[in-house]
Amino acid sequence: MNPSSSDPPQREKPAGRPVFLQLGDQVGFMPLLEELPHARALGLELVFADWYEAELRQPYRKELVGYPETGVIHGGVVTTLLDNVSGIAATCSLHEFRLLATLDLRIDYMKPAEPEKALNGYAHCYKVTENVAFVRGIAYQGDRSNPVATSSASFMLNERIDLDIDQQVEIMKSLREQGVFGD
Amino acid sequence: MTDHSEKERVQIEKLCADIPYAAFLGIQMDLKGSEITTVLPYQRKLIGNPLLPALHGGVISALLELTAMAELMWALGPSALPKPVDVNIAYLRSGRPQDTYARAFVVKQGRRVAHVSAEAWQSERAKPIATLQGHFLLKAPVEEEKS
């Protein structure tokens with residue numbers, strides 16, 4: 001039987017913050033969220049991020065509705081939420097800087113999201129191999145045991161970024177000043 | 001294959017304007033004969049990683065889901081109101097900051113559930129950037145009213 005997607009990871013967390021979050025702390029932004037134009041356009045917010053796990057919140061917005069008669073948001077919004085939070089959970093499982101690419105994403109829809117309410121997306125990375133990170137997630141409103149959707153994602157771990165954190169902080173700050181992360 | 005009245009053709013073409021999320025993404029429908037191609041014109045707000053830059057994976061999957069649903073509505077009539085049950089998206093190539101196109105086909109249509117396959121591409125149809133396989137629940141068939 002598969003462990004529930006809403007179960008938090010059982011592994012003990014290492015001391016300190018995951019390297020991607022350390023980078024974010026020093027530059028002053030949440031990686032894989034604040035610098036993504038589409039995440040900003042949606043209004044995605046960070047709930048928390050830590051080793052192996054993360055949670056985001058998608059506020060309800062009328063322009064995200066998929067079924068005008070009921071006001072229910074479109075499934076694509078749920079998919080985007082779970083894709084984004086799964087990517088964050090995967091990066092928060094790495095001990096060194098590596099580029100990630102989504103390989104595969106599966107979403108199972110349990111029920112329509114209730115209109116006029118925000119949607120939370122929680123994900124945890126339960127396995128990292130030499131080449132792949134495996135993540136499970138849920139989208140829910142209020143009750144984790146009764147999710148709107150569940151997800152399963154795999155990420156390809158690409159080459160190591162051969163720069164230390166201080167070098168990366170400088171580069172990120174410079175890119176931000178140049179407006180690379182802007183709208 | 002359902003006979004499509006002019007009214008239905010207009011309904012399908014308007015579909016993207018009527019669904020707020022489709023309008024938010026900027027998706028358009030290109031209906032030629034009985035073939036639907038969805039078009040997602042490039043906009044900065046669709047970008048995920050700005051360093052590559054690459055389209056957000058969620059945008060690509062949303063395009064594929066909407067295309068799959070449009071294809072089902074075209075095949076079965078707009079009252080089918082398909083709802084996704086499960087979708088599997090494979091990301092093959094990063095989506096570049098340019099227009100994206102998608103098409104879907106109904107692999108199997110049952111009475112309540114349909115299995116749909118869709119793919120998205122940019123400059124070359126033979127090099128898709130992502131594919132989707134999914135099941136969609138169809139509204140229970142209602143007695144057709146004589147118009």
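Helices (H or I, at least four residues) and strands (E, at least two) are DSSP runs, numbered from the N terminus. This is a predicted model: local features need pLDDT of at least 70, side-chain atom pairs count only at pLDDT 80 or more, and totals for chains, interfaces and linings use all residues. Residues are numbered from 1 along each chain as its sequence is written, chains are lettered from A in the order in which they are written, and side-chain values use heavy atoms, without hydrogens and water.

**Helix α3 of chain B**
- α3(B) covers residues 57–76, 20 residues in total.
- From first C-alpha to last, α3(B) reaches 29 Å, close to the expected 28 Å (1.5 Å times one less than the number of residues).
- Of its 20 residues, 18 are buried, so α3(B) is mostly covered (buried is under 20% relative accessible area, exposed over 50%, partly exposed in between; 1.4 Å probe, protein chains only).
- G77(B) follows α3(B), with a positive phi near 95 degrees.

**Helix α4 of chain A: span and ends**
- α4(A) runs over residues 165–177 and has 13 residues.
- Its span is 18 Å, close to the 18 Å expected.
- D164(A) caps the N-terminal end: a side-chain oxygen lies 3.1 Å from the backbone nitrogen of D166(A).
- G179(A) follows α4(A), with a positive phi near 85 degrees.

**Helix α4 of chain A: faces**
- I165(A), Q168(A), V169(A), M172(A) and L175(A) are the buried residues of α4(A).
- These buried residues fall within an arc of 135 degrees seen down the axis, so they line one face of α4(A) (the arc is that of the directions from the helix axis to the C-beta atoms).
- The buried residues of α4(A) pack against α1 (19–27) of chain A (contact means heavy atoms within 4.5 Å).
- Exposed E170(A) and E177(A) sit on the face turned away from the buried side of α4(A).

Key. A polar contact is a pair of N or O atoms within 3.5 Å; within protein, one must be able to donate a hydrogen and the other to accept it, and residues adjacent in sequence count only if both atoms are side-chain atoms.
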